[in-house]
Amino acid sequence: MATTHRTVYLVLRHTPFQESSLVISGITPDLGRLNCIVKGARRTGKKNFPQIGLFRELGIEFRMPDDPNILVSPGRIDLLMDFDRLAFHTENYIAACEFARFLLTAVKPMLPSEQSYAALKTMLSHLCDSEHPEPWLTLARLAFLNEAGLLPEPAGESEAALLNILLAASQGSVPMPELSDSYVQKLSGWVKKLLFHHGFH
């Protein structure tokens, strides 16, 4: 018998289905990538308003399927947080959409993705405040690589200390350190090379 599961969920893609339903794709901290079908999600009326939107965090409750490839159908959905202000900053919105596409390809279903989830939320929070996408986009990619065990060992204590600070900043647990534009550019290039080396495009 399927068990009831509760989790938080960030919507990274939504597609209309039939007359009033949505198929949504996103990530969770405990189950990685998750695809859902939400019946009646596009209905509007005096007592109905759309809760599901791109870059919205939801609390969802559903029956766990035996097959991870099956679309789950949440029995309860609560809107917890939205990042709708992104729509007012075109460059940031495009950067967030590109990273969302990356996560939907790179994050696997049924595998915990706590660091990637927290890094995405941290990035979205800052991009909503019209901050430049860098270095937040690079930090989110760095968090993904770290969670996947794909970061090389730091060369020394100072490099290890800086890496720990950057990863903590990606999770929103410490402030972003002061970084020069040249260092951010160098770090971004290194992270992109790592991703390409490991087959992520």
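On helix H5 of this predicted model, the residues Ser 182, Gln 185, Lys 186, Lys 193, Phe 196 and His 197 are exposed, where exposed means over 50% relative accessible area, buried under 20% and partly exposed in between (1.4 Å probe, protein chains only). On the other side of H5, the buried residues are Val 184, Leu 187, Ser 188, Val 191, Leu 194 and Leu 195. These buried residues fall within an arc of 125° when seen down the axis of H5, and therefore line one face of the helix, the arc being that of the directions from the helix axis to the C-beta atoms. The cover over the buried residues of H5 includes helix H1 (90-106), helix H3 (136-147) and helix H4 (157-170). Helices are DSSP runs (H or I, at least four residues), numbered from the N terminus.

The 17 residues of H5 (residues 181-197) should span 24 Å at 1.5 Å a residue, which agrees with the 24 Å between its end C-alpha atoms; the expected span is 1.5 Å times one less than the number of residues. After H5 comes Gly 199, with a positive phi near 90°.

In H3, ten of the twelve residues are buried, so this helix is largely enclosed by the rest of the structure; among them are Trp 136, Arg 141 and Phe 144. The buried residues of H3 are covered by elements including H1, helix H2 (114-128), H4 and H5. From first to last C-alpha, H3 reaches 17 Å, close to the 16 Å expected, and Gly 149, whose phi is positive, near 70°, follows H3.

Residues are numbered from 1 along each chain as its sequence is written, and side-chain values use heavy atoms, with hydrogens and water left out. As the model is predicted, local features need pLDDT of at least 70 and side-chain atom pairs count only at pLDDT 80 or more, whereas totals for chains, interfaces and linings use all residues.

Definitions and conventions:
Helices (H or I, at least four residues) and strands (E, at least two) are DSSP runs, numbered from the N terminus. Contact means heavy atoms within 4.5 Å.
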